Protein chains: 2
Amino acid sequence: MSCVVSRPARIQDVAAAAGVSPATVSNVLNRPERVSAQTAERVRSVVAALDYVAHPGAVGLRNGRASTIGIVLPDLTNTFYSRIARGAADAAFEHGYSLVLCHSGDDPDREQAYFSMLAEQRAAGVVVVPLTADTGRLSRLRQRGIPLVLADRTMSTDDGCSVAVDDVSGGRTAAQHLFDGGARDVLVVNGGRAIRQCVDRYQGARQAARTRRGTRLRQVVVQAMTVEAGVEAGRALARGTDRPDAVFCTNDLLAVGLCRGLLEEGVAVPGDLHVVGFGDLDVASIATVPLTTVRQPVEELGRAGVDLLVDEVEAREEHEHEARIFMPQLVVRASAAAPAVAASTS
Amino acid sequence: MSCVVSRPARIQDVAAAAGVSPATVSNVLNRPERVSAQTAERVRSVVAALDYVAHPGAVGLRNGRASTIGIVLPDLTNTFYSRIARGAADAAFEHGYSLVLCHSGDDPDREQAYFSMLAEQRAAGVVVVPLTADTGRLSRLRQRGIPLVLADRTMSTDDGCSVAVDDVSGGRTAAQHLFDGGARDVLVVNGGRAIRQCVDRYQGARQAARTRRGTRLRQVVVQAMTVEAGVEAGRALARGTDRPDAVFCTNDLLAVGLCRGLLEEGVAVPGDLHVVGFGDLDVASIATVPLTTVRQPVEELGRAGVDLLVDEVEAREEHEHEARIFMPQLVVRASAAAPAVAASTS
DNA sequence: GGCCCTTGTTAAATCGTTCCAATCTCCCTA
DNA sequence: TAGGGAGATTGGAACGATTTAACAAGGGCC
């Protein structure tokens, strides 16, 4: 077998072929203004002919910084995180960085090991969805001179950029839709107080309720945010008295379960009761009763994280830290009807 | 603000502190047998004290190969691929490689661009789920001296390693379960002939049918492998005459839809009809009728891909290309009952 | 004509490792 | 005691780029 391995061209090869020094080639590529027009032209044609591309490793070594961005995620299996990864991958590709995937699997030690690894390879920066709110480990990275962007968490803009979804707004949107559909008495089926997202979403719903006179907002907290918990809540609701007009479940699994529990007990969705979920998981669109829910621009989170990072790395002085907040959007499906043509708006 | 950026230790710092040359430090770390026990001891303690770790970029430059593995995937949004990524990330972490995430988004040009990028940075190797069967672009990578492992596709072991799931076995397992449950007349609801997986799964089902006397296996091909198509198939089935005892849907979306279509028309699952799906998507476990289905060890695919790659890179001569095939497993849930205690087996 | 300034180009140092070949030590043997 | 050899250590040249400082060459000015 003829197995000719063609060595990629080095800067010296280009220099020799163009009859200039390596320094000039580097100048043509990086600071064209320092080089005469005809030299530049000649060099460029050789670059094209030899298909020359600078070796990123060598550049990284010399510049003290690799053209690499790390993304540290708790769990790739969760579509929320894999969608962040997807957005980050797109943005990194567009900016010409390579993205190092770090999946910590909910293990703080492994997360820490990834931080060290990224520091060792002098990554240009890191986008991280941290496992815990403990900022100590994060700031150590920053001390090593590696810029950091927080995703799905916020932080003071003194310390760096962050990107997140506005859960309060999401909760408000969901509740508003129910009220606009004619509901007066809305129940929020919510996860525990310890989960920031749950607290925010409920707070948003309360805001919506406050602006409508004569409405009522109740809350019930479930043990787990799973389909099973939703089924149980649905059954309880169907059997109980004082049933609300509509339910806002703070995630889609709960909502799917709730619908199922209600249907089992003969309560029709959306006939007897409107239901809104949160998250727009795949299951929302394919559920028996397609779910009206709130979609988060998750890919945008990853994308913006990388954008901000690249800005920080490349603009250096001019860069200003920023906390970018994304607004979720309502996706209307069958489980909660479109707003009746309300008298108030037209 | 006191912003002391502590420079990481270099090999020279270690050498100086231990009173030896950089070469000796390198030897201690890479070829301990060449160095006396006491020197090694001294150097090692300094390494620990200074927290020294070799700069991967410099190592890569010197060795002509970075400690980086690329993973090229069509679409991170698809859990099949993100689970591959997860397995690959775990394995890469264990082997001490960093994993560069390349999401081609079903765009061949972008896939090609990633190949070039990985070649430029002298990646140690690439795990790829290729968009097309066109091996030209792949072999070009190999010509650049970069080992390649194919995932979810097979190739001649002359050209490299590959990892895949045995869809024939999966189809057989699914059908066997139905026959073991007492079915004599099984319908396969399948995707198009153009999809390799569909063909294989059906073939497996046929094998299972052949080994049982007095059984019948039919097939119906649907336009798309979606819930909607499944619903339609379910309704048609319920209304039609000559209804089978059991149905094997070659993916879970079809199966979920089928169950729904059947139930709408008053056919009970598993009461009147057993249903088996394929894939074990999230939706399988949370569907109204929890789905008996076939689980593929997808994470193992990514994990094994990286393992094989690392073996090829590190064992060099001794490495033998390998086509590793993984066996899917049946997950029994409600939609198809556990086998009756058959007279034949006991 | 000598001096200085500008413009374009380049030699050489540097980044942090690895590895080959050379050197140095020490001990054993003749 | 000189010579030889084994074992441990080290100097220095890569690897492939960037960048600083220096150097020619040409032009304007006194």
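Predicted model: local features only at pLDDT ≥ 70, side-chain atom pairs only at ≥ 80, totals over all residues.
Student: Into which domains is chain A divided?

Tutor: Chain A has domain 1 (11–54), domain 2 (66–165 + 299–327) and domain 3 (167–295). The centres of domain 2 of chain A and domain 3 of chain A, taken over C-alpha atoms, are separated by 32 Å. To their contact, domain 2 of chain A gives 4 residues and domain 3 of chain A gives 5 residues.

Student: What makes the pair A:Arg196 and A:Asp152 a salt bridge?

Tutor: The rule asks for a side-chain nitrogen of Lys or Arg within 4 Å of a carboxyl oxygen of Asp or Glu. For the side chains of A:Arg196 and A:Asp152 the N to O value is 4.0 Å, so the pair meets the rule. Between domain 2 of chain A and domain 3 of chain A the count is 1 salt bridge, and the count of residue pairs in polar contact is 2. On the side of domain 2 of chain A that touches domain 3 of chain A, the residues divide into 2 nonpolar, 1 polar and 1 charged.

Student: How much area is buried between these two domains of chain A, domain 2 and domain 3?

Tutor: About 410 Å² is buried there, and carbon and sulfur atoms give 32% of this area. In domain 2 of chain A, the residues that lose the most area to domain 3 of chain A are A:Asp152, A:Val165 and A:Met327, together 68% of what that side buries.

Student: What is the area buried between chain B and chain A?

Tutor: It is about 4,000 Å², with 62% given by carbon and sulfur atoms. Such an area is quoted because the size of an interface is often given as the accessible area lost when the parts come together. Chain B and chain A contribute 43 residues each to the contact.

Student: How do you know that A:Asp75 and B:Arg86 meet in a salt bridge?

Tutor: Their side chains have an N to O value of 3.5 Å. The cut-off is 4 Å, so the pair qualifies. The count between chain B and chain A is 4 salt bridges, and 12 residue pairs in polar contact are found across this interface. Several elements of chain B each supply at least two residues to the side that touches chain A, among them α4 (56–63), β2 (98–103) and α11 (252–264). The element that gives the most is α5(B), with 7 residues. The residues of that side of chain B divide into 23 nonpolar, 11 polar and 9 charged.

Student: Which residues come nearest to DNA strand C?

Tutor: Of the 25 residues around DNA strand C, those that come nearest are A:Thr24, A:Thr39, A:Arg62, B:Ile11 and B:Arg62. Sugar and phosphate make up 75% of the atoms of DNA strand C that come within 4 Å of the protein.

Student: Why is the approach of A:Thr24 to a phosphate oxygen of DNA strand C called a polar contact?

Tutor: A polar side-chain atom of A:Thr24 lies 2.7 Å from that phosphate oxygen. The limit for a pair of N or O atoms is 3.5 Å, so the pair counts. A polar backbone atom of B:Ile11 is 2.5 Å from a phosphate oxygen of DNA strand C, and an N or O atom in the side chain of B:Tyr52 is 3.0 Å from one.

Student: Which element gives the largest share of the surface near DNA strand C?

Tutor: That element is α4(B), with 4 residues. The residues of this surface near DNA strand C divide into 11 nonpolar, 9 polar and 5 charged.

Terms used: Residues numbered from 1 in each chain as written. Chains lettered and ligands numbered in written order. Heavy atoms only, no water. Domains from an automatic or database assignment. Contact = heavy atoms within 4.5 Å. Buried area = accessible area lost by both parts, 1.4 Å probe. Polar contact = N/O pair within 3.5 Å; in protein donor to acceptor, adjacent residues only side chain to side chain. Nonpolar A, V, L, I, M, F, W, Y, C, P; charged D, E, K, R; others polar. Near = heavy atom within 4 Å.
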